[in-house]
Amino acid sequence: MAKLDNTQWREMMTYLRKKHPSICRQWFEDLTPITLDSGLLQIQTTTPLQQNYLQKRCLDQFTEAAQAITGNLVAVRFVDRPATPKTPPAPTGPTTVNTGVRPVLQNGQTSLEADQMVISPDYSFENFITGPNNQLAYAASVAVANQPGTAYNPLFIHGGVGLGKTHLLQAICQQILSANPDTNILYVSCDAFMNQFLECVQSGQMNEFRHRYRHVDVLVIDDIHFLAKRDRTQEEFFHTFNELYQSNKQIVLSSDAAPSEIPDLEDRLVSRFQWGLVTQVTKPGFETRVAILKAKARLRGIELPEDVINYIASKIDSNARELEGAFTTVQGHAALQDQPITLKLAQTALGDTLAASGPKSNQVTLQNIIDVVTEFYNVRLSDLQSRRRHKSVTEPRQVCMFLARKRTRFSLEEIGGYFGGRDHTTVMHSIRTIDDRMKKDENFGIQVNQLDAQIGNAPAHPTTPPLAERV
Ligand SMILES: Nc1ncnc2c1ncn2[C@@H]1O[C@H](COP(=O)(O)OP(=O)(O)OP(=O)(O)O)[C@@H](O)[C@H]1O
């Protein structure tokens, strides 16, 4: 049987590291090219999780590399170890639940299946760095993974963007599956749950929908706060929750706010979400940021000098996703220039984009604005996103919209969407209200300008025209 020779395989890996450094992982070393037959390159993985992940997330890059190295039109397929016993689909009913690791057919391909989230091998407990900001969430996640359905049910993890909620959710799935590969885990985004619900209502497939969601061992839903204001979906979720809970099936949820702070969430759901354990992840401190960068570098098989790590960790203090983004930028520059990563290279690479998250930054994120405004007015983000119209909420909300428009690239629609699904005319109105008031009320003007200054020292977004023209 034809094969890719070792030199070609190594060249393929080098090609990937050079052209697509951000997808490369240390564990790619464990991949083996097994056959190259009739234009099909089969690559063997060491776990079903890797196989599923690579097939869904890295196929294009591997195909490009295979074609570049062989000079032929080659298709790539990732295959699991032949020795791995295949579990037959559960025989019950028309819908079989899959784990996200072994996609299982259900009446052929359906949109229900297509919405299953892909689990990344990176998101394991091993690769999760703990610190005072996430210790409890981590410990609770490990407990749930070791004793699904009994330790804490439901487990509800909340916190701001990029702070590791999804990572923990996926680590739970991975751990459960590695202990018992036949566990039926359904891991979806809240968005997928809502869309599937609507589709199934419209197509008269509610039996399939219910079967799918109510016959799992573990239900994991990311970003459950999107249930806000969706009355019918909340109703459906309520029944799903009850049925699973009563059968001691584990439920794990993540959200950007604590249950009681999710706007327009029915009380009965709020109280159920609090039955188990509600735990928060917050911003990592400097030492945790350093450790996260080291872990990410290890995962990618990259040597990141200590001074570069300290530099990035000191400049970016918002969240792990932005840290990782900065690392990717530096890695990309090094690969493009074919240079080792040094402090100088990192400083140049990050020069334009550095610290999009911090007050030292010259770019401002929505989170920076929200942090400053919510602290000043002593309100919560969920208040700003709610329908509440009390002055104590409308004023900070309008100030946020005003500053978001002034300091970020977001469109009126995007800003409105973020602050509770408001349309662009509402955002326009808010901006004008603040603008007018700043002109008329000197103290108020000073106050908003101070908030603006606290967000960062950068001028208004340089590529955007003056605010008045943009409203
Ligand atoms: N404590 C941590 N240790 C290692 N990596 C982390 C940690 N926290 C976050 N990360 C990494 O940061 C990135 C963003 O994390 P994740 O997607 O889990 O955030 P999130 O809280 O779900 O954000 P969002 O609400 O925007 O979905 C991921 O690559 C994740 O692995």
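How many nonpolar, polar and charged residues does the shell around the ligand have? The views below get to that.

This is a predicted model, in which local features need pLDDT of at least 70 and side-chain atom pairs count only at pLDDT 80 or more, while totals for chains, interfaces and linings use all residues. Residues are numbered from 1 along each chain as its sequence is written.

**View 1. The shell around the ligand.** By class, we get eight nonpolar, seven polar and four charged residues (Ala, Val, Leu, Ile, Met, Phe, Trp, Tyr, Cys and Pro count as nonpolar, Asp, Glu, Lys and Arg as charged, and the others, Gly among them, as polar). Gly 164, Lys 165, Thr 166, His 167 and Ala 320 come nearest of the 19 residues around the ligand (C-beta atom, placed from the backbone, within 6 Å of it). Helix 6 (165-179), helix 11 and helix 13 are the elements giving two or more residues to this shell (helices are DSSP runs of H or I, at least four residues, numbered from the N terminus; strands are runs of E, at least two).

**View 2. Helix 11 against helix 13.** Residues 286-300 (helix 11) and 320-337 (helix 13) pack at about 50°, axes 10 Å apart (axes are lines fitted to C-alpha atoms over the stretch in contact, and angles run from 0 to 180 degrees between N-to-C directions). That angle is why helix 11 counts as oblique to helix 13 (under 35 degrees is roughly parallel, over 145 roughly antiparallel, 65 to 115 roughly perpendicular, the rest oblique).

View 3. Residues 365-434 are 74% helix and 0% strand, with end C-alpha atoms 20 Å apart.
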